[in-house]
Structure formats: C-alpha cells, structure tokens
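Thanks for coming. I will take one structure and go through a few of its parts in turn. Please have a look at it first.

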Amino acid sequence: RRLDSQAYRELLPNLPQPSLTMSKSVKELEAKRDQMLALQRDVSKKFNAVLTKKGGLNDTSFMVKKNLQAAIAVAQQPGFFEYYQPSAEVKAVESTNELKKLTQKIKRMQKEIDQVNSEIEVAKPKVRNPPPPATVSGFDQWFNNYGRPKPSPHGFMSQFQEDPKIYGGTGHHAGFRTRARMMRKGTITR
C-alpha cells in the first residue's frame with residue numbers, strides 16, 4: 001500500500017487528538033498506536049525502496065564510485081572519459097529532496113507515536129510496589145524466612161583444594177598462580 005503525504009494528512013484529522021484520548025481505554029490507544037506504526041512502516045518501506053531498488057540511489061552511488069575509480073586509473077592516458085550519468089528518476093529524487101522529506105515525515109510520526117505511548121502509560125492502571133524484603137539479622141531469621149538447606153546425602157563428600165594451575169610466565173613478566181579453588185566430589189568409603 002502506497003502512502004503519500006495527502007493520505008497521511010487525511011488520516012490525521014480522523015485520529016483522536018491527545019486531549020480527548022486521555023479518558024479513552026488503553027485498548028483504543030494501543031489500536032491508534034498500531035495504526036500509526038503501520039503508517040510509519042509504509043513510509044519507511046517507501047524510503048527503503050528509493051534506496052535499494054534496482055537503479056536506485058544505492059546502485060547509483062556504487063556506479064559513480066566505480067566510474068570515478070576507473071577515471072582515476074586512466075587519467076594519465078590521452079582521450080576523453082565518459083562519466084556515469086544517473087537516471088532521470090535518481091536526478092528527480094535528488095532534486096526534490098525526497099529522502100529528506102520522508103525522513104522528516106518518519107520523525108514526525110515517531111513523535112506522535114511517542115506521545116500515544118506516553119498516554120498509554122498514563123492510562124494504564126498503577127501497579128503497587130511490593131513491600132521491601134525483610135532485613136535479615138542472622139542465620140536463624142534467614143532460615144525462618146527462606147527455609148533450611150537440605151542436608152548433604154549420606155555417603156557423599158565435597159572437598160576443596162587449591163588449583164595448581166600457573167598462568168603466564170615470560171622473560172619479561174613473571175608467572176602467577178591462580179587463586180581459584182577446585183571442588184572435588186566424591187564418596188566416603190569406610
């Protein structure tokens with residue numbers, strides 16, 4: 001669906017004004033936002049099409065760059081070098097500043113979307129903050145609030161040993177031992 005400036009101007013008067021929408025439900029505001037996002041998406045697709053279509057501005061920039069590189073390469077040779085000429089459509093886009101106009105339209109639409117988003121935040125019901133967590137002064141109070149840890153299974157044991165790994169060590173820098181401790185799981189045999 002193609003969106004031009006006239007269709008955009010015709011749509012805006014039909015959209016509720018900010019002062020009227022404060023009392024409306026969140027769902028109506030979200031529907032308005034979704035409609036505005038769809039319009040903005042259409043404008044950005046048009047912007048992208050101008051840049052990326054075959055023979056568009058990206059292709060023209062690439063061809064001009066390649067042409068100038070070739071001109072520089074043959075500059076010392078006698079004769080005339082034909083420079084790349086952009087198409088009439090590209091010249092029209094550049095002369096009318098179409099991309100600048102589309103950028104301004106996208107920014108204007110984004111401001112309106114941001115305004116609707118702020119109205120949605122105002123219209124949403126306020127959620128009460130949960131009470132702050134209780135302060136814990138000791139292990140007994142912690143265990144009463146959060147429960148006691150499970151005892152370790154019978155016949156198993158964990159042992160912590162210093163890791164023997166040594167890092168680095170060059171002629172310029174001294175090596176160093178890691179500070180990590182390795183946990184070794186095992187079973188108890190009697």
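One cut-off before anything else: a residue is called buried under 20% relative accessible area, exposed over 50%, and partly exposed in between. Keep in mind that what you see is a predicted model.

Let me start with Pro-86. This residue sits in the loop between helix 4 and helix 5, the latter covering residues 88-95. Is Pro-86 buried, exposed or partly exposed? Its relative accessibility is 22%, so Pro-86 counts as partly exposed. Setting aside neighbours within four places in sequence, Pro-86 is in contact with Thr-60 and Lys-91. Thr-60 is 26 residues away along the chain, yet the C-alpha atoms of Pro-86 and Thr-60 are separated by 6.3 Å.

Now to another loop. Gly-55 is found between helix 3 and helix 4, and helix 4 spans 57-73. With 35% relative accessibility, Gly-55 counts as partly exposed. Which residues does Gly-55 touch, not counting those up to four places away in sequence? They are Thr-60, Ser-87 and Val-90. For Ser-87, the separation along the chain is 32 residues, and the C-alpha atoms of Gly-55 and Ser-87 are 7.8 Å apart. Thr-60, then, is touched by Gly-55 and is also in contact with Pro-86.

Next, a pair of helices. Two packed helices are described by the angle between their axes and the distance between the axes. For helix 3, residues 26-52, and helix 6, residues 98-123, the axes come within 9 Å and cross at roughly 165°. An angle over 145 degrees counts as roughly antiparallel, and helix 3 and helix 6 are therefore roughly antiparallel to each other. Their crossing is left-handed. The residues of this contact divide into 17 nonpolar, five polar and eight charged.

Which residues make up the largest nonpolar core? There are six: Val-26, Leu-29, Met-36, Ile-113, Val-116 and Ile-120. Helix 3 and helix 6 each supply at least two residues of this core. A second, separate core has five residues, among them Val-50, Leu-57, Val-90 and Val-93.

Last, one member of the largest core, Val-116. Leaving aside neighbours within four places in sequence, Val-116 is in contact with Leu-29, Lys-32, Arg-33 and Met-36.

Notes
Residues numbered from 1 in each chain as written. Predicted model: local features only at pLDDT ≥ 70, side-chain atom pairs only at ≥ 80, totals over all residues. Heavy atoms only, no water. Axes fitted to C-alpha atoms, helices over the stretch in contact; angles between N-to-C directions. Helix = DSSP H or I, 4+ residues; strand = E, 2+ residues; numbered from the N terminus. Parallel < 35°, antiparallel > 145°, perpendicular 65-115°, else oblique. Left-handed = near helix turned anticlockwise from the far one by under 90°. Nonpolar A, V, L, I, M, F, W, Y, C, P; charged D, E, K, R; others polar. Buried < 20%, exposed > 50% of the residue type's maximum accessible area, 1.4 Å probe, protein only. Contact = heavy atoms within 4.5 Å. Core = buried A, V, L, I, M, F, W, Y, C linked by side-chain atoms within 4.5 Å.
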